[in-house]
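Take the structure below as a tour.

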Protein chains: 2
Amino acid sequence: MGGTWVYWGQAIVWREIARYGMQDELEISYDFSRGINKFLLASTDKTQSFTHEEEDALITSAISKFVNVDGEHGRKAIPFPHSTKLNELEEKYDCMSVADRLKEIEHDLTPNERLCVEGWVLLCSGATLETTSFYEFLHWWALSGYSYEGCINHLVRYKFRGGQSSFAIRFFNEALASGNLTYVFNEPICAISDEAGSGVHVTTESGKTFVAAKMISCMPLNVLNDITFSPPLPEGKQQAAKIGHVNQTVKVHAEISDRDLRSFTGISYPHNGLIFGFGDGETPVGNTHVVAFGGKHNHFHPEDDINHTMECFKRFVPMDIKRVVSIE
Amino acid sequence: MGGTWVYWGQAIVWREIARYGMQDELEISYDFSRGINKFLLASTDKTQSFTHEEEDALITSAISKFVNVDGEHGRKAIPFPHSTKLNELEEKYDCMSVADRLKEIEHDLTPNERLCVEGWVLLCSGATLETTSFYEFLHWWALSGYSYEGCINHLVRYKFRGGQSSFAIRFFNEALASGNLTYVFNEPICAISDEAGSGVHVTTESGKTFVAAKMISCMPLNVLNDITFSPPLPEGKQQAAKIGHVNQTVKVHAEISDRDLRSFTGISYPHNGLIFGFGDGETPVGNTHVVAFGGKHNHFHPEDDINHTMECFKRFVPMDIKRVVSIE
């Protein structure tokens with residue numbers, strides 16, 4: 001996941017965007033101005049078609065029931081979502097899975113609402129209903145202003161015209177310009193030693209060693225087990241590394257010839273490995289970009305079997321795929 | 001105006017709040033848990049009483065009509081509100097006053113909607129209907145996520161338990177701790193000279209002169225005319241200083257004995273100098289803070305005539321005032 005979408009309500013990232021003067025480099029992912037202009041809800045037995053207004057109403061209704069733990073759609077239960085200190089209620093929800101919450105409201109959801117809320121939550125978590133914290137969803141919901149439109153704005157509407165790399169490269173170039181950065185790529189690390197007095201020693205698989213006064217590690221959780229730490233990591237971190245990420249998000253782009261699908265959005269669930277997809281852009285020759293997401297639910301590696309990956313796309317709606325790019 | 005209210009959707013200020021680790025120091029201004037728990041709409045001839053749910057519905061309906069220039073409540077017209085580059089439509093709205101826009105929709109507003117939208121806009125601008133840019137209101141609206149709830153969140157719901165000064169003092173103390181700050185208070189400036197080669201010379205009314213390589217001025221617009229600039233300010237800035245601020249916001253706190261008014265909100269318009277007020281806090285002995293706002297519309301200086309100021313408060317609802325504090 002590359003931080004594709006950004007929003008002016010995301011404090012920390014927006015401050016950096018403003019710092020680099022990139023406020024005018026945003027575009028809107030969706031384009032509902034022409035073409036099919038439909039929301040397709042593809043479940044196991046059939047595909048239903050809705051207008052985008054009907055889509056908003058359906059998903060809003062579904063998520064509203066899901067988050068309405070307090071009669072105020074989470075406003076009372078999660079009053080300060082930016083805080084890292086959880087109140088008693090928040091702790092309770094953090095010990096509840098999304099599956100637990102769905103069980104509580106199962107008699108209140110229509111079948112379509114259930115497809116939508118499950119699809120939407122799995123898009124957010126990349127996990128399964130059983131391994132997604134209910135609190136974490138409420139947390140995102142509250143940070144996004146307690147509304148579905150807020151979630152769309154914060155999560156998936158606005159992106160850089162030049163791609164996320166147009167942003168990242170500013171950080172890198174600024175660090176370079178300081179004259180104080182040396183760097184190396186493609187050197188997987190195998191050992192980190194931080195014994196008192198001798199500085200931090202970082203050894204790579206190819207046998208090189210780097211020494212520094214301090215080290216900041218931003219290695220993903222699932223990589224930590226491949227590295228020998230001396231002294232060892234704290235017990236809690238070792239345990240977390242053993243469990244690994246519950247988030248197994250799959251993100252795939254397809255370039256397709258059908259221009260009309262620029263205005264399609266869709267949920268394809270529960271049978272499909274790609275759960276949520278939509279028209280996300282257009283190439284200079286007029287082909288459509290479709291972006292789609294999967295997760296631990298029906299997990300697959302898109303590059304393992306390109307035919308399976310294309311099949312997953314076609315379970316939203318038939319499309320003529322020219323090219324597939326996956327980001328895991 | 002002191003920046004009382006903050007929100008996690010305000011990128012620049014929230015980044016600083018996070019930097020100082022003050023995320024857990026927020027509280028919610030409103031408290032609708034007990035007492036009168038009403039919205040009072042006091043117009044010239046009578047005072048109507050509504051529940052807060054009715055208040056939200058009424059103001060939402062009023063503002064929705066006001067901002068709905070594109071069938072999408074401003075989403076299409078103001079797609080990138082964080083940008084300083086105005087598109088053609090935004091430029092058109094920037095040349096339209098709020099009074100112009102109200103004229104366009106005068107047949108669609110109920111009298112109560114009209115009271116609410118005018119009161120709300122004047123709360124935001126501190127000016128008059130004729131001197132408030134319609135674009136500027138749309139701009140705030142869009143930055144707040146295109147919703148009334150978003151406006152409430154961004155503008156008036158969350159504040160520091162320790163007051164805004166608990167935040168400002170962090171900046172000051174950090175600058176002090178750098179060992180690189182000298183400062184002086186209560187030295188009004190009368191002349192600034194920045195002639196080539198000799199640095200910036202700043203002269204105060206008491207005759208002191210400060211010299212620096214560079215100077216950052218954050219003097220308010222209405223002060224600039226009292227200062228001799230050498231070389232003179234650019235023509236545009238001189239003209240702006242001559243016109244002065246259209247924003248003449250009045251902000252007054254009253255400490256009152258009526259505990260039940262903790263849960264009151266109100267609009268008092270068009271006859272009153274204080275247009276918008278609500279219960280904003282509680283003293284240790286249980287008195288209620290009420291905060292109220294006025295502007296250029298029926299402008300007055302609250303400290304000129306304390307009886308008039310108290311009268312303005314009582315035009316929301318009768319209250320026993322113990323103390324008044326004004327901030328202009």
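A salt bridge is a side-chain nitrogen of Lys or Arg within 4 Å of a carboxyl oxygen of Asp or Glu. By that rule, the whole structure holds 31 salt bridges over all chains. The model is predicted, so local features need pLDDT of at least 70 and side-chain atom pairs count only at pLDDT 80 or more, while totals for chains, interfaces and linings use all residues. Residues are numbered from 1 along each chain as its sequence is written, chains are lettered from A and ligands numbered from 1 in the order in which they are written, and side-chain values use heavy atoms, leaving out hydrogens and water.

One salt bridge lies within chain A. A:Glu118 pairs with A:Arg114, their closest N and O atoms 2.8 Å apart. Both sit in helix H5 (residues 111-125) of chain A; because they are 4 residues apart there, about one helical turn separates them. Helices (H or I, at least four residues) and strands (E, at least two) are DSSP runs, numbered from the N terminus.

Now cross to the interface. Chain B and chain A each bring 28 residues to the contact, counted by heavy atoms within 4.5 Å. The area buried between them is about 2200 Å², with 57% from carbon and sulfur atoms. Buried area here is the accessible area (1.4 Å probe) that two parts lose on being put together, summed over both. On the chain B side, B:Trp8, B:Arg15 and B:His82 lose the most area to chain A, together 28% of what that side buries.

Charge also links the two chains. There are 4 salt bridges between chain B and chain A. A:Asp24 forms a salt bridge with B:Lys85, with the closest N and O atoms 3.6 Å apart. Which elements of chain B supply at least two residues each to the side that touches chain A? They are helix H1 (11-19), strand S1 (26-28) and helix H6 (134-143). H1(B) gives the largest share, 5 residues.

Strand S5 (residues 189-193) of chain A runs parallel to S8(A), joined by 3 bridges. A:Ser193 stands opposite A:Ser230 in S8(A).

Note on methods:
Two strands pair if DSSP finds at least two bridges between them.
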